[in-house]
Amino acid sequence: MGSALPLGDPAPADGVLPPSAAAGAAERAFGVYVHVPFCRVRCGYCDFNTYTAGELRGAKQADYADHAIGEIRMSRRMLEASDVPDRTAQTVFFGGGTPTLLPADDLVRMLGAVRDEFGFAAGVEVTTEANPDSVGPDDLRRLADGGFTRVSFGMQSAVPHVLAALDRTHDPARVPLVVDWARDAGLDVSLDLIYGTPGESLDDWRRSLESAIGQQPDHLSAYALIVEQGTKLARQIRRGELATPDDDLEADMYELAEDLLGAAGYEWYEVSNWATAPAHRSRHNLGYWRSDDWWGVGPGAHSHVGGVRWWNAKHPAAYAERVAAGVSPAVGREVLDASTRETERVLLGTRIREGIDLGSLRPEGRTAVAGLIADGLVDARTALSGGLVLTMRGRLLADAVVRRLLEV
């Protein structure tokens with residue numbers, strides 16, 4: 001969740017959605033995202049809407065759970081007023097920031113509010129992100145007892161100099177400990193990795209992959225580093241203190257990840273995500289790729305229901321003020337037109353293992369498929385059966401594939 005809010009139309013204070021949002025809602029999955037905007041330190045590469053203690057003005061971290069619960073209570077009423085049919089939450093995801101900087105009891109209270117307002121579908125997936133140095137065994141047990149099913153640890157790297165370049169503060173030796181504690185608590189485990197950090201070699205990346213695989217997590221994410229404007233990392237690169245990430249090296253790193261993870265029994269299901277089995281895929285994140293519906297709780301959080309997207313006030317103090325006043329915390333929204341929704345459907349659908357139905361493409365998109373197959377970007381076998389699935393090379397060049405499918 002980038003810290004800059006997009007342009008859009010003003011959002012109404014009552015939070016009521018246009019009639020188009022309700023159309024077909026009963027057939028779409030519904031999830032809840034809870035943004036916890038607090039970090040102990042700000043990582044140099046991070047552009048998320050987060051705040052350290054020294055940056056937090058006019059709001060208290062200790063009050064945050066109550067504000068978020070206020071929005072959760074409000075969200076149910078707003079959906080009812082918009083004639084969106086009741087749906088149970090199939091997934092709940094606590095992201096940040098570092099959600100586990102809050103007491104485990106606060107996270108459980110917020111989750112309880114989601115359960116009270118929406119109910120949980122059978123087999124609900126409930127995830128929290130955590131830094132390896134932000135939780136202990138008691139915290140993880142309390143989360144599991146309170147209804148969490150999954151934890152995603154921000155490992156990022158196993159190499160100290162890479163972690164230092166990213167401004168990550170945890171000791172790599174702590175990762176095996178937190179994984180064991182999460183397992184003992186009965187939680188599924190995901191590890192997040194970042195590749196392409198300035199100064200990171202292919203051997204460094206191999207070391208991180210092998211270390212992560214050695215923990216035998218259920219799920220692994222591997223994201224290429226993006227240099228966001230306005231971050232400390234961008235300034236360091238601009239001043240020549242750090243090298244610009246090398247696209248060719250990042251491609252080699254992605255291929256190495258695919259090779260090592262595949263050999264270890266992990267199957268890719270989205271460009272940057274692998275799981276040991278379909279049951280361990282992140283269903284919440286798949287909801288984003290499939291353009292399902294979700295309500296985003298918290299400062300700067302984004303929501304989407306039926307082609308209507310909106311975003312909350314960015315600063316925790318402004319957010320809390322709106323919730324306390326009983327008005328929607330949303331400050332802007334957009335109603336996606338048919339062309340934008342089609343572009344997003346292709347952009348997101350091509351990223352996942354299931355791909356998209358060739359018959360659903362516009363004629364120019366179907367015409368482009370033959371060239372994509374010839375260039376090794378689309379799997380010819382799936383295309384013959386009417387589906388479009390990217391090859392590994394296609395995943396590396398996913399944006400170019402989408403442009404050709406849409407002729408933009």
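At what angle do α3 and helix α5 (residues 174-185) pack, and how far apart are their axes?

Modeller: Happy to! This is a predicted model, in which local features need pLDDT of at least 70 and side-chain atom pairs count only at pLDDT 80 or more, while totals for chains, interfaces and linings use all residues. Numbering starts from 1 along each chain as its sequence is written, and side-chain values use heavy atoms, without hydrogens and water.

To your question: α3 and α5 pack at about 35 degrees, and their axes lie 9 Å apart. Axes here are lines fitted to C-alpha atoms, for helices over the stretch in contact, and angles between N-to-C directions run from 0 to 180 degrees. Helices (H or I, at least four residues) and strands (E, at least two) are DSSP runs, numbered from the N terminus. The crossing of α3 and α5 is right-handed, with the near helix turned clockwise from the far one by less than a right angle. On the α3 side, Pro-137, Leu-140, Arg-141 and Ala-144 meet Val-178, Trp-181, Ala-182 and Ala-185 of α5 (contact means heavy atoms within 4.5 Å). Sorted by class, that contact holds seven nonpolar residues, no polar ones and one charged; Ala, Val, Leu, Ile, Met, Phe, Trp, Tyr, Cys and Pro count as nonpolar, Asp, Glu, Lys and Arg as charged, and the others, Gly among them, as polar.

Helix α3 (residues 137-145) also packs with helix α2 (residues 104-118), at an angle of about 15 degrees with the axes 9 Å apart. That angle makes α2 roughly parallel to α3 (angles under 35 degrees count as roughly parallel). The crossing of α2 and α3 is right-handed. Here α2 contributes Ala-104, Asp-105, Leu-107 and Val-108, and α3 contributes Asp-139, Arg-142 and Leu-143. The α2–α3 contact divides into four nonpolar, no polar and three charged residues.

Another helix pair is worth a visit. The axes of α6 (residues 202-214) and α8 (residues 247-263) come within 10 Å and cross at roughly 30 degrees, so these two helices are roughly parallel to each other. The crossing of α6 and α8 is right-handed. From α6 come Leu-202, Trp-205, Arg-206, Leu-209, Glu-210 and Ile-213, and they meet α8 residues including Leu-249, Met-253 and Leu-256. The α6–α8 contact has ten nonpolar, no polar and three charged residues.

Now for the strands. In β12 (residues 308-312), five of the five residues are buried, so β12 is largely enclosed by the rest of the structure (buried means under 20% relative accessible area, with a 1.4 Å probe and protein chains only). Val-308, Trp-310 and Asn-312 point one way from β12, and Arg-309 and Trp-311 point the other way. Strand β11 (residues 302-305) runs antiparallel to β12, joined to it by four bridges (strands pair if DSSP finds at least two bridges between them). His-304 stands opposite Arg-309 of β12. Two residues separate β11 and β12 in a hairpin, where Gly-306 in the turn has a positive phi of about 55 degrees. Strand β13 (residues 330-335) pairs with β12 too, in the antiparallel sense over five bridges, and Val-335 of β13 is the bridge partner of Val-308.

One last stop is Ser-272, in the loop between β8 (267-270) and β9 (273-275). Ser-272 is buried, at a relative accessible area of 9%. Setting aside neighbours within four places in sequence, Ser-272 is in contact with Leu-220, Ser-221, Ala-222, Tyr-223 and Arg-351.

Definitions and conventions. Parallel < 35°, antiparallel > 145°, perpendicular 65-115°, else oblique. Buried < 20%, exposed > 50% of the residue type's maximum accessible area, 1.4 Å probe, protein only.
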